[in-house]
Every structure is written in C-alpha cells, then in structure tokens.
Amino acid sequence: MLRYIGRRLLEAIPVMFVIITGTFFMQRFVPGGPFTAEKAVTPEVERNLLAYYHLNDPLWKQYADYLWDLTPKRFHPFALTQGFDLKEAFGIDFRPSFKYPNRTVNEIIADKLPVSLELGVLSLGVALAVGLPLGVLAAVKRNSWIDYVCSSVAMTGICVPTFVLGPLLVLAFAIHLGWFNASGWYGPIDRVLPSLTLGSVYAAYIARLTRGGFLEVLHQDYIRTARAKGASEARVIFRHALRGGLLPVVSFLGPAVAGILTGSFVIETIFQIPGLGREFVNSAFNRDYTLILGTVILYAGFIIALNLVVDVVQVWMNPKLKFE
Amino acid sequence: MSDPRFFHPIRLLPAVLLLPFLVAGCGRRPAAEAGGAPARQILRMGNSAEPQDLDPQNIQGVPELNISMALFDTLVEMDPHDLHPVPGQAESWTISPDGLTYTFHLRPGLRWSDGEPLTADDFVQSYRRILTPAFAAEYAYLFTSFVRGAKEYNDGTLTDFSQVGIHAPDPRTLVVSLKQPTPFLLKIIACDYVWDAVPVKTIARFGPIDQKGSHWTRAGNLVASGPFLLKEWTPNKRIVVTRNPYYWDAARVKLDSIEFYPIDDQNVEERMFRTGQLDVTYDFLPNKIDTYRRDHPEELRIDAWLGIYYYNINVTKPPFTDARVRRAFALAIDRDELVKDVMRGGQTPAYAVSYPGVSGYAPRAHLTGGIAEARQLLAEAGYPEGRGLPPIELLYNPNQEYNRSVAEAIQAMWRKNLGAAVTLTSQEWKVYLDSMQTGHYQIARAGWIADYPDPNVFLEIYETGNGNNYTKWSNAEYDRLLHEALHAPDEAARYECYQKMDAILVRECPVIPLFYYTKTYALSPRVQGWWPTLLDQHPYKYVSLKN
C-alpha cells in the first residue's frame, strides 16, 4: 500500500505542474491587470509599478522565478502547527498579494484556511448526520411513504440553492426570531446557520447516494444469507450492508470534501465569513495573480490528496478492490 | 494494516455525527456583539470591501478612505456644512499673491499617537516617500500635477529632493511651491488622504520606507494622527478604531470607537442593519428604496452626491466622428424618465457635465433642443431617420444592476426617437475598463465621483491627452480655457472659463451626461451629527450616538 501511495504522489507532481503552468499563463492573457482601475495611472506611475512588481521582466523569466519560489526547499512539517505557514514548513513562497500588498498569499491562506476548514467540517458533520440516516431509511423502507418523504426531502435539498436557503434561514431565525446574528463569524453560535445551509446541499446528495448504494447491496446474496441465518434487521443493515452501501458516498466525498474545505464563495458571502472561498473567487476579479495561483494550487492539492484518500479508503472498505 | 474491526470508519460515524452539535451547540452570543444598547459610543459601519492597505499613500478606494479619515488627520479640513476649507493640523496658512507659494503654520503641540511630536519635517518626509519612484504610488499624480519639481522627482530625472517645492524652514512651518497656480489646492488637501503626513520614523522600523505593504499598518504597529487609532484589523471580518488621546481636537470626539465591516453584498448589509448589527450601511438596494420610504422613512437616507453618470463616446469610431451624430444621440434621451422610472433613487437629470451648485458654480450650458433637433442633426449628418447608420454597440459593466436597466431604456429611446439600432454588450469590470482605456468601444457607460468639491474635477478629464479622457476627443480652445482658468485673477473669472468649457462639451458632446448620482444608504436614527456632505465624507469627530 505504501508503494501505491508513493506512486500516486509522484504522479501528482506533473499534474500540479500542468495546473500551475496553465493558470500562470491563462491569467496573463485575460484583459486587464492588477492595476487596471477606474482612474488611469499616469505613464510614469505605471512604469514604476511594473518595475516594483517585476512585471516588466520577460514572461518566461517571471514564470521561472515563480516556479523557483514554489519549489519546496526544506522539510519542517511540524512548523505547520504554528500558524500553517507553508514558507516556514517547506520553503514554499506564494509571494505577496497584488491587491493586499500588506499581506503575503501564504499569510492569507494561513488566516483563511482554518476558517474554511472549520465551516467545512461542521457542514460535513451536518451533511452526514442528516444524509446518511435519510438514505438508509429510504432504502430499507423502499417504496413506502417513508421512502417518498426521505427522497422528497433529499430532492428539495438538491434543488434549493444555498443562495436561497441561506437568506431564508436568516430571515426566519435571525430577523424574525432574533436567535442569531444575520451575518458574521464571531461566537460559536454564528456557526449554526452557515453550517446548516452548506451542509443541507451535501446532505441531500449523500442521502440519494446512500439510498442507491444500499438498494444495490440489499439485493446481494450475502445479505440474503445473513437474513436466512436469522440475523436481526438492525444487524443486517449495520453489520453487513453498511460497508458496501456507503461506497458511492465515499467516492462522492473525495472531491466534495476538497470543495467544502477550501471554502464556499456563496456561503461566505451570505454570512460574511472570512474564509478562503471569497479570496478564491475575488482574486480572479481583482487579477491578483499571486493570490489566484496560491488558491488554485491549494485547491488542486486538496483534490489530489483527497482523491488518494478516497481510493485508499475504498480498497479498505471493499474487499473486491486491490491496490495496483 | 491494523485490525479493520477496531478502526473501522463506520465506528467513527457516531463521533462525526455528533461533532457539529458539540462544537456549535455550546455557544452563546457574546454580549458585546448582541447589538443591544451599548453604554459605550460604538459606531458600526458597513464599509463595502476589505481595504487594500491602511497606508494613506498606498490606497485608492472609498472603503480605504473611510478608515483613513479616522486614523490620519489633514492639514486643512472641510467645513461639514458648506465644504469650505477650515484649519486642521495647520492653524493658519498664507498664499502668495501669484498663487504659487502656500505656507502652512502648524498648530503647537501636534503629536502622533505614540506621543512623538508631529512636525513640518514629517510632511516633507512623507511627500518625499510618495514621490519616490521605487515606491510606485498610484496617486502620486495629485502632487506631480501641481508641485514644482514633483513630476521630475517621481519619474527619476531629478534625484535631489531639496529641488522639489516642499520645504520645512522650521518645525511648525511647511512651504509648498507650485509650478502653476492651483486655486483648488486647499480642497485637494482637505479631501485627499495622499496629502496626509505618515509616521515615516515608524515606517522605517518595519523595513525600507519605499517598500509597499510593510507591516507598519498592522494593529499594534500603526501610529496615527487622526481622531482614532487602530485597535484591530482582522481581514474580511472587521477593523476597529478607538479614540486617540493625542489628537489635537480630542475633546470634540464623542465616539469611543468605530467598527468597519467589509460587506460587499447589499442584501447582507441590509439584513445586518435590520438586526441591529450595523448603524449605517455603505450602500443600499435600489429595489428596497420604496419599502423603506413607506415603512422606515426615518432610516433611509438619500443624499446629493458629487458625481455624474454618463456615457463616453469614442470620437474616433464612425459614426461618432461627426459631432452632429454625437449631439443627436445626447439629445434623444429623456432624462426625466430615466431618473423617475429606471433609477428611482432621487437622482437629478444631467444636461451638462459640471455638477450644478458645486462651490457656487452652476453651468449655464444645457442640452436643450429635444428630439426634433436630434432628428434634424442626424439627417444633416447623412442618416435621415437612422438609415445608413453603421452597427453601434453600447458597452457597460454588470457590477450594478441598474447599468443594464439604464442601457436598455436608452437603447429603446434611441430606437424610438432616432431609428437607431444599438446592441448592448456587457463585460466584466476589468475587461470593460481595459476596453475603454484601449479605445475598443463606441459608446461606454462611465461614472465619475469627485475627489474634491470644485468644477475643475470634472472638466479637467477632457483635456487633450488626460489619462482619463477615454473619448480621444481633443479641442484646442478647451485646453486653452482649462489653463486660463488656473491663472484667472479671481474665482468669478475662473468660473467664467468653466462656463465656456461646459458650453463646448454640450456642443461637441464627447460625452453624454445622464444624471447626477445620489448616495442612498440606511442610517440608524440613533446616529447624530452625521453631516450629509456632497462628497459622502462624514467627519467622525462630529458624530455621536443617542442611546
């Protein structure tokens, strides 16, 4: 298994390289730049600005310099526990932001990622806590009114977008009932509405996938055998069916967790959460070249890592699969 | 592999399921943020966007200005009632008869918020910093356009700063020498933070002073000169400023602190205002104006705002090379309808470029003539009833919903009144700016908010070669008048030049003025002393809260 993981990690290097190269050049060919503003700068000032940010170097040189800054130069993973600074830990320098010259991209990621992680973990918790029982219940009570209720709830969750559900929850619980702040990220109570909103969409998907996975498993021979041997219904579901029934959910969770952990632009905007999702999207609007690259690289890293985790977990859960 | 039965993912499920409730369930709303009736005077403001930086020499936007006004004091202030310059850090000043030398006399005992004396040399060193080429300050042009030697120093042809017209003969005297008379210089100093002194000695402790974004602007490091000092800066969350005991006019300041919230969504802002998390919003949803007018008129504010919404015309693209066509398009718009039915926020229709009533100036020029004249002009230009017109494209950016509504309304008016078929194109903000700045457009939506209250602010844009003149229009007489105005013996003569310039703009129509902006926002009735200035700047030292 270790060899498998090692090989997958090696394969990730060219993937990362293509992502970095593609992003680096694509963003430069988009009209407008970090200093394009409503009030034009004078030619002298523009010259000074380009020199200050080394944007007047040839593009290949800027690219090479940037790649060098990204190359890991040391290995102190424990430094990550003190503020998650990739420069301290691995010598990876994402450089200062163009839009916020006061902050480096490393610092922005270190500041914002924990917030997105917190929101992501809470939402995932909500998603699993709601989605799994709904899905299992629907599958076990297939074609009964319980199934129809559970499936309708899941379908509604998929169809109602977060930018509708979020403001509705705010309207009900913050404005009319006054239980919560309308927006903000101060005390623990401010986590409730955003986690519910973001979690509900994923809960809906998880419910549908769980139902599908379970229906397939419940027709297998080994389940019939278990029943024939007189196992109780609870034992059949939790001891025998759960492992196989959850496989589709696990493969869904890989990319979903990457997305959920690196932040959600919509949720972060609706609830004014200082997370990474807003930086991700706004950096593109601001043409903040270094921040675009930093967030893209981070997101890509998460997806690659979580896909690997999913593959390992699937082999672990499904005896039919092997590492190859 | 370890025993799968022991460390099986399914066994972890209950823990995962319970996690959100364990973390989220145990919280209570902290008292300070409950939005109840705080005993302390805390003003909570919506402030649109996360500021780029808090260094007054390295910022440009309005959110930055709002915070900068709290932290950094100005040499000269604006009277909040009529915007005339009144003493700030300078207790008095003299202007030489030729209008080229300004001598400012600083108040005795001025101090930075760390207790260090604030002297005239701080201003000299600050201005030297903003003009240093390596520092690459975007707003350096607010010096280079007027101050003797500043342009040369900023582009590197002059390296000796003592040749630049900025001197401090003694710790309380600052002398600024100009290359040409600039009758509105005091207004610029009062309204534009680039003329504020920055704590150069503190900045030097955090790195080279010509380096952007060193850590001197972080909370704990920043040394202020204004009514407040920086207490907290959490990006994308909030910025908190508290009272500065060293501020020269500290006795007048009533607020204990101001909290700035970077909220970029008007819906969110309005909800936070409704739940009492904000006392004043930055912006307001146009579609909520009617509801507030009906249900909460005491919370809705619609202030006149020194800005104009207009269309730029690229005069190098046919058919707009012909001034008659430009004027025909400008005349064929019903501005009353636009303001009443589309904008609905109390805006004033604009029939000239200059804002009526700014600093006692009102343009006599007026886009009169109406649709009959518009049709006749178009026919004279060879396009009777719009026949033979080449394809025309109107460019706008979708950042504000009303840009599209206005464009659609005008598209319909041009079709109805002139027979002209115009297509609408929407481009993302920076793409739109790039198209406009590189001249890849025919007609483009634009807006301009004045930096300082003077007619010059709108008129100088259309000077030949001005970096913001995206129309490519050029008129020798217009350029001459702009220059003549600066040398005019008195304000009446200066304003007479502006009258002639406004008349040229209305005749030649490189731009189509549409309406003058209003600033719409929600303001809690608790807030007192919030002066409605034309520039949407509200000096915080007059503001207080009624509990």
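Which residue stands opposite Leu230(B) in β9(B)? Keep that in mind while we set up: what you have open is a predicted model.

**Stop 1: a hairpin in chain B**

Select residues 228-234 of chain B, which make up strand β8, and then residues 238-243, which make up strand β9. The two strands run antiparallel, and six bridges join them. Now click on Leu230(B): the residue standing opposite, over in β9(B), is Val241(B). Follow the chain around and you'll see that β8(B) and β9(B) form a hairpin, with three residues between them. Pick out Asn236(B) in that turn; its phi is positive, at about 60°.

**Stop 2: where the chains meet**

Next, colour chain A and chain B separately and go to their interface. Here 68 residues of chain A are in contact with 74 residues of chain B. About 6,100 Å² is buried between the two chains, and carbon and sulfur atoms give 59% of that area. Select Lys39(A), Tyr186(A) and Trp316(A): together they supply 13% of the area that chain A buries against chain B, more than any other three residues.

**Stop 3: across the gap**

**Stop 4: chain A's side**

The largest share, ten residues, comes from α5(A). Colour this side by residue type and you get 39 nonpolar, 15 polar and 14 charged residues.

Methods: Residues numbered from 1 in each chain as written. Chains lettered and ligands numbered in written order. Predicted model: local features only at pLDDT ≥ 70, side-chain atom pairs only at ≥ 80, totals over all residues. Heavy atoms only, no water. Contact = heavy atoms within 4.5 Å. Buried area = accessible area lost by both parts, 1.4 Å probe. Helix = DSSP H or I, 4+ residues; strand = E, 2+ residues; numbered from the N terminus. Nonpolar A, V, L, I, M, F, W, Y, C, P; charged D, E, K, R; others polar. Pairing = 2+ DSSP bridges.
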